[in-house]
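Me: I am new to this structure and would like to understand the words used to describe it. Could you take my questions slowly, setting each value against its definition?

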Amino acid sequence: MSVKGRIHSFETCGTVDGPGIRFIVFMQGCLMRCQYCHNRDTWDLHDGKEVTVEEIMKDATSYRHFMKASGGGVTASGGEAMLQPEFVRDFFRAAQAEGIHTCLDTNGYIRKHTDVVDEVLDAADLVMLDIKQMDDSIHQNLVGVPNKRVLDFAHYLHKRGQKTWIRYVVVPGYTDDEKSAHLLGDFIKDMDNIEKVELLPYHQLGEHKWEAMGFEYQLTGVNPPPKETMENIKNIIASYGHKVMY
């Protein structure tokens, strides 16, 4: 019997969630409560649309030519994809059987390490791991949960030799300071499985979703970081030996 998953939506020609042109599946549900979340409508674990792997693969394979020609593939994002690991595992296995590259976009907040976690990682050609903030007190204020599970997962990816990109959102007042950048650079400096670090400048594109859903957006008035800040963060993290881009 095919494993069913609950998804929020999918994007057919994404270019920012992994290499090349990608078919991105946004899974429903998330346990983090990021103040800057631009997908506020993905939090509810029971919302969204139920689909089978076969159904999503039918859509994905229709874009096979564009994905392969660009060095792209499929990405499981969210929400948080690892809340539905059985579906992601089977989706990735089906994609790989078609010769399609697979990418897991995750916040790394893995509640319990089970065999299925390894099965997902075995079927993932690339992992994009969001590290929100190294300082746990700031992390809890910004996203609502401690960062221990995330950092443990980062160590595990290194232990496995899993090809990984680190993503770091630069939020003024929370993650744009030099100390936070040094903490991240020092944490990943010996992780030779990391291909690069992607800096993502905070934006306000999700504010309207919060308002439309009747929630108060926590970062009203916070503006995107200036280029000078992005360059400074980039140079600090790069000084620890990793390629950094934004």
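Me: What makes Glu 195 buried, partly exposed or exposed?

Reply: Glu 195 has a relative accessible area of 40%. Buried means under 20% relative accessible area, exposed means over 50%, and partly exposed is in between, with a 1.4 Å probe and protein chains only; Glu 195 is therefore called partly exposed. Please keep in mind that this is a predicted model, in which local features need pLDDT of at least 70 and side-chain atom pairs count only at pLDDT 80 or more, while totals for chains, interfaces and linings use all residues. Residues are numbered from 1 along each chain as its sequence is written, and side-chain values use heavy atoms, with hydrogens and water left out.

Me: How do you know that Lys 163 forms a salt bridge with Glu 195?

Reply: A salt bridge is a side-chain nitrogen of Lys or Arg within 4 Å of a carboxyl oxygen of Asp or Glu. The closest N and O atoms of Lys 163 and Glu 195 are 3.7 Å apart, so the pair meets the rule. The two residues come from distant parts of the chain, 32 residues apart, with Lys 163 in the loop between α6 (148–160) and β7 (164–170) and Glu 195 in strand β8 (residues 194–201). Helices (H or I, at least four residues) and strands (E, at least two) are DSSP runs, numbered from the N terminus.

Me: How many salt bridges does this rule give?

Reply: The count comes to 16 salt bridges. One of them joins Arg 6 and Glu 50, whose closest N and O atoms are 3.8 Å apart; this pair also links distant parts of the chain, since Arg 6 is in strand β1 (residues 4–14) and Glu 50 in strand β3 (residues 49–52), 44 residues apart. Arg 6, with a relative accessible area of 25%, is partly exposed, and Glu 50 at 45% is partly exposed too.

Me: How do you know which side of α9 the buried residues are on?

Reply: The buried residues of helix α9 are Thr 229, Met 230, Ile 233, Ile 236 and Ile 237. They cover an arc of only 130° around the axis, so they lie on the same side of α9; the arc is that of the directions from the helix axis to the C-beta atoms. On the other side of α9, Lys 227 and Glu 228 are exposed. The buried residues pack against β7, α7 (178–188), β8 and β9 (244–245), where contact means heavy atoms within 4.5 Å.

Me: Why is strand β4 described as largely enclosed?

Reply: In β4 (residues 73–77), 5 of the 5 residues are buried, so the strand is largely enclosed by the rest of the structure. Strand β2 (residues 22–27) pairs with β4 in the parallel sense over 5 bridges, and β4 pairs with strand β5 (residues 101–106) in the parallel sense over 4 bridges.

Methods. Two strands pair if DSSP finds at least two bridges between them.
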